[in-house]
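Below are some notes for a colleague who is looking over this model. Please read them with the coordinates open.

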Amino acid sequence: MKYHTHLIIGATAGIIIASHTGQFIPLFAIIGGVAGVMPDMDIYADKAHIAAHRGAWSHSLLASVIAAALSFIPLYYFGYGMFSVYVSLTVFSAFFLHAIADTLTYSGTYLLYPLSKWRYKGFVKYNNPVANALLILLCLALLILLTPLRDYLGIGF
Ligand SMILES: [Zn+2]
């Protein structure tokens, strides 16, 4: 999917996690947004012929766990306690949702690597405007349903 779609998906994950854990929502929106676009930094590794774009090392369960651990360990070490847990949960969610979103594309991802070596593939090009717009609308719907935004909008249930 497109860069801004991954950014919005990651930020959405961060906002939802922050709103349910009492964390500072704008900070977690940024953490989620940054983590959401990180897997595509592998494009530079691909250009340098180091590793293929959308490979298992950047777009997979394994990559998501490693990214979460890399964010958790230093924060926890320096005494940030539960904040470290929420940050690593946001990083994991943003990374894994990135890999899930990219399974919609022709090239797909090794989503469940190393549990499965299957390459999950979809049926659209990464920049398909309808697929990208639907994912962004889904994020908007989740933000309304799962965050205090529903109270501001007066949707009570
Ligand atoms: Zn990607």
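**Notes on the predicted model**

1. Arg54 has 24 other C-beta atoms within 10 Å and is therefore buried. The structure is a predicted model, and in it Arg54 sits in the loop between helix 3 and helix 4, with a phi near 60°, which is a positive value in a residue other than glycine.

2. His49 likewise belongs to the loop between helix 3 (42-47) and helix 4, and its phi is near 60°, again positive in a residue other than glycine. His49, however, counts as exposed, because it has 7 C-beta neighbours inside 10 Å.

3. A cis peptide bond, with omega near 10°, leads from Tyr113 to Pro114, and Pro114 is found in the loop between helix 5 and helix 6.

4. The axes of helix 2 (residues 25-37) and helix 5 (residues 81-102) come within 8 Å and cross at roughly 40°, so the two helices are oblique to each other; the crossing is right-handed. Helix 2 contributes Phe28, Ile31, Gly32, Ala35 and Gly36 to the contact, while helix 5 contributes Val87, Thr90, Val91, Ala94, Phe95 and His98. Of the residues in this contact, seven are nonpolar, four are polar and none is charged.

5. The largest nonpolar core holds 35 residues, and those with the most contacts inside it are Ile9, Ala67, Val91 and Phe95. Two or more residues each come from helix 1 (3-21), helix 2, helix 4 (61-77), helix 5 and helix 6 (129-146), with helix 5 giving the largest share, 10 residues.

6. Leaving aside neighbours within four places in sequence, Phe95 is in contact with Ala35, Met38, Pro39, Ala63, Ser64 and Ala67.

How values were computed. Residues numbered from 1 in each chain as written. Predicted model: local features only at pLDDT ≥ 70, side-chain atom pairs only at ≥ 80, totals over all residues. Axes fitted to C-alpha atoms, helices over the stretch in contact; angles between N-to-C directions. Helix = DSSP H or I, 4+ residues; strand = E, 2+ residues; numbered from the N terminus. Parallel < 35°, antiparallel > 145°, perpendicular 65-115°, else oblique. Left-handed = near helix turned anticlockwise from the far one by under 90°. Contact = placed C-beta atoms within 7 Å. Nonpolar A, V, L, I, M, F, W, Y, C, P; charged D, E, K, R; others polar. Core = buried A, V, L, I, M, F, W, Y, C linked by C-beta atoms within 7 Å. Buried ≥ 20, exposed ≤ 12 C-beta atoms within 10 Å, placed from the backbone.
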